[in-house]
Amino acid sequence: MSEKYDVVVVGSGPAGYVSAIRAAQLGLKVACVEQWIDDKGAPVLGGTCLNVGCIPSKALLDSSQKYSDVIEKFSKHGINVEKPTVDVAAMLDRKNKIISQLTSGIGGLFKHNGVVVLQGRGKVLSGARVEVTNGKEDPSIVDAGSVIIAAGSVPIAIPPAPINGDTIVDSTGALEFDSIPKRLGVIGAGVIGLELGSVWKRLGSEVVLLEALDTFLPMMDSQVASESAKIFKKQGLDIRMGARVTNAVEKKKKVSLSYQCSGEEHTEIFDKLIVSVGRRPRSEELLASDSGVTLDERGFIYVDDFCATEAPNVYAVGDVVRGPMLAHKGSEEGVMVAERIAGQSTKLNYQCIPSVIYTHPEVAAVGKTEQELKADGIDYQSGVFPFQASGRALAADDSEGLVKILTDKQTDRILGCHIVGPSAADLVQQVVIAMEFGASAEDLSLMIFGHPTLSEAVHEAALAVSGHAIHMPNKKK
Ligand code: NAD
């Protein structure tokens, strides 16, 4: 007889492990099913984010930024370093140690909170039951009061460029190159393409990004997107827009890639090729035919505003449901669902989810873009402040980019904030807090910001909304 749990979570990524811990904190008996195993057969916790996504990419972004600073910036500060070199193996080793530290940390938190790990592949059956198959024992069926599906997403593959795991890789393979590719091709100039392209560019690769769309970062505010494009081009990222890849094949350990652009056919030879054209929900083989859980036409599990599926007591959170594929969005959905299962009435504000691209400088956003406000016919005002006018940014030799705040013209309520610049990820969070409290630009203007800080750029952008920024000439309002 298998055990009965109050909650069974399928998947231990940021959406799954957070919901499992929160449910356990609320006194529920929780199991978390995870299929990923290491080479010793032990479950690997943390999902894409910790193992092959956010954390390892940030480790390499930080390492490569340090190298780039030595090459590009140190001498300006009066620090001279003779011929720095890169030890790729040591860099990857550091990254892997961070992953181990964090994933074993989740194991520790599970133990502390009494969350049981069930190793195997979970399949949701009717009546809120989960079948767990691990290939070692007979499949077991676990009864759950409630099921939370947090199965995540996988990279999208495209037929013209099949992944071979060596010269043509997805985002996972791009974290494991054992040497610096001389010429690196990247299909897709989205979040992953820009982050991983930046890593290898800083380490010395010549990087060409091929983007099918004509508009760069269409989900970002268009002013911030075009400012970002200028900065990335200056850094040497060769971003080719309107490029449709038609074929990529390995030839003599290199990749021969063909693409069409403005009606012309082009061919490029690369040492490595990263395919980063988006991710899709991992919803295949996850649901029994009578589970009662339904998928939309793109394979996302259909859920309501509270992440309830169409099957009673079955919820789904994170990348496997609608909305942006962001770890923190999944985690907060996980918390909401755990608390609702425990009888609370937690809600999420989907209008206030920050997003970040961890290039240097970072690109960060929350709320509406200017083009969305225009399309929605909303009467708005904007305040823009360039980091060129920030004393702290100049002192740090990191003064590219801007902060832009958008407000409702009648009420002055903040509707969005868009930043490209140093520490944009952390700066935008200040505006997330302001927006959650329904703040106006005037509210931010009246707050005291420490000097000298990068945060002053947020303050000045808020002041600029009403045309009285201090440290730049204001536009007539
Ligand atoms: P993405 O959607 O950000 O970018 C993919 C890009 O590839 C798009 O610009 C698209 O137009 C382009 N594209 C699609 N097919 C193409 C083709 N055949 N040829 C050329 N270009 C093509 O997807 P991603 O960068 O793969 O990231 C996947 C998901 O993971 C995203 O939802 C992203 O938000 C998330 N993610 C987030 C972070 C972060 O928060 N910092 C980091 C990594 C990934």
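**Notebook: rings, charges and a ligand**

I searched the whole structure, which is a predicted model, and got 2 aromatic pairs.

Pair one is Phe177 with Trp200. Their ring centres sit 5.2 Å apart with the planes at 50°, so I wrote this pair down as tilted; edge-to-face would need over 60 degrees. I then looked up where the two residues are. Phe177 is in the loop between strand 8 (168-169) and strand 9 (183-187), while Trp200 belongs to helix 5, so to speak 23 residues apart and linking distant parts of the chain. Buried or exposed? I checked both: Phe177 is buried at 3% relative accessible area, and Trp200 is buried at 1%.

Pair two is Phe216 with Phe232. Here the centres are 6.3 Å apart and the planes make 75°, so the pair is edge-to-face. Phe216 is in the loop between strand 10 (206-210) and helix 6 (222-234), and Phe232 is in helix 6. Phe216 is buried with 11% relative accessible area, and Phe232 is buried with 0%.

Next I looked for charges over rings. Lys29 lies over the face of Tyr5, 5.3 Å from the ring centre. Arg340 does this over Phe306, at 3.8 Å.

Last stop, the ligand. I found 20 residues around the ligand, with Ile192, Glu195, Glu211, Gly278 and Val356 the closest. Which helix gives the most to this shell? Helix 5 (residues 191-202) does, with 3 residues. By class I noted 13 nonpolar, 4 polar and 3 charged residues in the shell.

The protein buries 78% of the 840 Å² that the ligand exposes when taken alone.

How values were computed. Residues are numbered from 1 along each chain as its sequence is written. This is a predicted model: local features need pLDDT of at least 70, side-chain atom pairs count only at pLDDT 80 or more; totals for chains, interfaces and linings use all residues. Side-chain values use heavy atoms; hydrogens and water are left out. A residue is near a molecule or strand if one of its heavy atoms lies within 4 Å of it. Accessible areas come from the Shrake-Rupley method with a 1.4 Å probe; for residues, only the protein chains shown count as cover. Helices (H or I, at least four residues) and strands (E, at least two) are DSSP runs, numbered from the N terminus. Ala, Val, Leu, Ile, Met, Phe, Trp, Tyr, Cys and Pro count as nonpolar, Asp, Glu, Lys and Arg as charged, and the others, Gly among them, as polar. Rings of Phe, Tyr and Trp (its six-membered ring) pair if their centres lie within 6.5 Å; planes under 30 degrees apart count as stacked, over 60 as edge-to-face and the rest as tilted. Buried means under 20% relative accessible area, exposed over 50%, partly exposed in between (1.4 Å probe, protein chains only). A charge sits over a ring if NZ of Lys or CZ of Arg is within 6 Å of the ring centre and within 35 degrees of the ring normal.
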